[in-house]
Amino acid sequence: MSAYSITENEKAKAGYGQETPKGKDTPKDYPRKPSHPKEPGGNGDENAICATLPDLKRLNYFYGQMLGVADFQTEQHYFREKLKLHNRCLHGYGVVCGLKVVPEPLEESCAPPGDQELKEIQERLKELEAKWREVKRKADQGDQAAKEELAKIDQAREELRRKLEQIRTAECDQETPTRVFIECGLALDCEGNELIVREKFPVDLWRHLDRADRQRVTDGEHTIYLSICYCPQPTDPARPVLPDSCGATSECNYGKVRDSVKVRVTVDLPEADKRCATCCEGCCDQCVLLARIDNFHRGWPLDPHDIHNEVRRPVTTYQLTTITGISWTDGAEYSEDEAEALLGVNAHNYAQDDPDRPKGYLMVTFSRPVLTSTIKRGVIDIWSIQGGGGRMADIFNLDVEYVDLPDPAQEPAIDRVRFRTTSDESPNPGDRVMIFVRAPRILDECCRPVDGAPTGGRVPFVDGEEFEDYRRETEFAECTWPPPFGYGPWTSGTGSPGANFESWFYIKSNPKNEYKKK
C-alpha cells in the first residue's frame, strides 16, 4: 500500500460513498489536487532519484497479542532504519576515525635480495628528476649546453627505469601475497550503515581483484583503489524445535546476524559522489573508499609512500570545497625581481605578442570545481604593506586582473584561478605582500561557498614545474602530520564555510635597512 493511499477505514470516516441529504444540491465533483510531490523528496521532478525512505512501522502491543517471527523482524527493522536515516541525514557518510591503510611490515630476512638496490635506484631517480627540472628551465631559455645535458639526463632516467623493471620482474615472487593492513576504526556508508573494524586485519590485494582487473595489472596498470563495504553475516547456527507455518522444518537456521564489512579492490577509481545532499537523494556506490595504492606489483612489498590515505572522504553531509594549493610559499621571502615576476607587474604596458611582456601570475587551486561566474572583480585582492627602514605600515592596493579566465557560458566551472596585478607600483624591500581570497563569495557546483580558512597557514605549494622557482622549504615544529581533518595534505578549511583565505610573502630587505633596524 502506498504511503499516500487512503484506506477503507479512512474513507468511511470521511463520509465517502454516503448519499446526499434531501433538499441539498449534489456537490460538484472537482478533480483533487495532489497535496504532495510525485515522489517523496522529488519536489515533483519525475527525473529525480529518491533515496529509499523506509516505511517505519512499529509494534503496538496489547494484552493477548500473538507475536511471530515477522513481528519481531518488524520491530528490529523499525529501529535499524531509524538509525540509518539519522546517520545519513544528520551525519552524512565517510570515515569517522581510524581505518588507516598501511603496508604489511616485512622482516629483514624476508626482504627480496634486490630491495636495497631498488631503494638506491629510486633515490637516484628522484635526484635526476630534480636535476632535470633545473636544467629544463635553462634549456627553455635557449641555453644550448643545457639542452645537451638534458638529453643525457633523459637517457640516464630511462636506463634506471629499465633496471628497476628488471629487478621487479626477476625477484617478484607471485606466490608471496602483497598485503596491506586496515587499522581499526569506524565509517558510515551512504545508506547509513555503520562500518566497524574492531581489529587490524590483512588484505591480500591480488586476491580481491577480479579477473579483468588482474589482467590489467599484468598489462601494466599499477594503481589500485581499496574500499570497504557493509556486509551482514549470519552467525550462530541452530536447529529449529518447531516447524514453520507451512509445516516444514529446516535442518539449520542462523540465530544471529553480525554487522561486518567486506573489502573491494579495483583498478578503476570509484565513481565520485556528485550529489549536493546525502539525505533524500539515492547513492550509487555503497562502499567507502579508503586509499589509493600506487606501484602495485604482484608479490612485491609496498612502500608507505605508495599508499595514499588522503583520497578518503571524512564523515560529512557535504564535502566542502577547499583551497588545495597556492603558487607561492606562505610567509616566505622573495627578491624584488622574483616578486615582480610572480605578480606579473607592468604586464598591461606591453602588447600581447611582445616577448618582453611579463608572463608571471599567481595561482590558487581548489579541491572541486567552482563556478566561473562567481570569480568577479574584488573577489581576490593584493595589498602591499610598507616596510623597510623608514616610516612603515602604509597600505596600498595592487589592482588585480584574472588570467585566461574562461567565459562562464563556455566553461561554467573551473578548478583553479590565475591572477596578477595591473598596477605600475612594485613592492619595495621589506614590504609584505598580502593575498586575499574572499572564499564565501566563491561558490562550487552545488552553490556552496568555499571553505577558505587558512588553517595554520599550511596550504601546500601547487604541484607541477611551472612555479618551482618560487617554492621555498618550510618546517613546522608541531602539528606536522596528519592534518586535523584527515590523512592527506593540509588544505584550507575547518569544516565550516564562511572564512576568507589570506596569505602573504615578504620582499627581502636591503642589508642597509637591516642594519638600521638593529
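Helices in these views are DSSP runs of H or I with at least four residues, strands are DSSP runs of E with at least two, and both are numbered from the N terminus. The model shown is predicted.

**View 1. A nonpolar surface patch is formed by Tyr61, Leu67 and Phe72.** Together, these three residues present about 310 Å² of accessible area. Leucine 67 belongs to the loop that runs between α1 (8-14) and α2, and with a relative accessible area of 31% leucine 67 is classed as partly exposed, a class that begins where buried, under 20%, ends.

**View 2. A salt bridge joins aspartate 259 to arginine 80.** The distance from N to O in this pair is 3.9 Å, and a salt bridge is counted here when these atoms are within 4 Å. Because aspartate 259 is part of strand β8 (residues 253-266) while arginine 80 is part of helix α2 (residues 69-91), the pair ties together parts that are 179 residues apart in sequence. Both partners are partly exposed, aspartate 259 at 34% relative accessibility and arginine 80 with a relative accessible area of 35%. In the model as a whole, the count comes to 16 salt bridges.

**View 3. Within helix α3, glutamate 127 and arginine 124 are partners in a salt bridge.** Their side chains meet at 3.5 Å, taken from N to O. The two residues are three apart in helix α3 (residues 115-140), so about one helical turn separates them. Glutamate 127 is partly exposed at 47% relative accessibility, and arginine 124 is likewise partly exposed, at 40%.

**View 4. Arginine 416 and aspartate 415 form a salt bridge, and a network of salt bridges links Asp213, Arg216 and Asp268.** In the pair of arginine 416 and aspartate 415, the closest N and O atoms are 3.2 Å apart. Arginine 416 has a relative accessible area of 33% and is therefore partly exposed, as is aspartate 415 with 35%. In general, side chains of opposite charge can pair when their charged atoms come close.

**View 5. Three strands make up an open sheet with the order β2-β3-β6.** The pairing in this sheet is antiparallel. At its edges stand β2 (101-103) and β6 (201-204), each of which pairs on one side only. On average, and with direction ignored, neighbouring strands of the sheet are turned by 35 degrees against each other. The antiparallel pairing of β2 with strand β3 (residues 179-182) extends over three bridges, and valine 102 is found opposite phenylalanine 181 of β3. As a general point, the strands of a sheet pair through backbone hydrogen bonds, either parallel or antiparallel.

**View 6. The largest nonpolar core holds 39 residues.** Among its members, Ile323, Trp328, Phe419 and Phe505 touch the most other members. At least two residues of this core are supplied by each of β11 (323-326), α6 (336-343), β13 (362-371), β14 (380-385), β17 (413-421), β18 (432-437) and β19 (501-507). Strand β13 contributes the largest share, which is five residues.

Note on methods:
Residues are numbered from 1 along each chain as its sequence is written. This is a predicted model: local features need pLDDT of at least 70, side-chain atom pairs count only at pLDDT 80 or more; totals for chains, interfaces and linings use all residues. Side-chain values use heavy atoms; hydrogens and water are left out. Buried means under 20% relative accessible area, exposed over 50%, partly exposed in between (1.4 Å probe, protein chains only). Two strands pair if DSSP finds at least two bridges between them. Axes are lines fitted to C-alpha atoms, for helices over the stretch in contact, and angles run from 0 to 180 degrees between N-to-C directions. Patches are made of residues with over 30% relative accessible area and no salt bridge: like charges are joined within 9 Å, nonpolar side chains (Val, Leu, Ile, Met, Phe, Trp, Tyr) within 5 Å. Accessible areas come from the Shrake-Rupley method with a 1.4 Å probe; for residues, only the protein chains shown count as cover. A nonpolar core is a set of buried Ala, Val, Leu, Ile, Met, Phe, Trp, Tyr and Cys residues joined through side-chain atoms within 4.5 Å.
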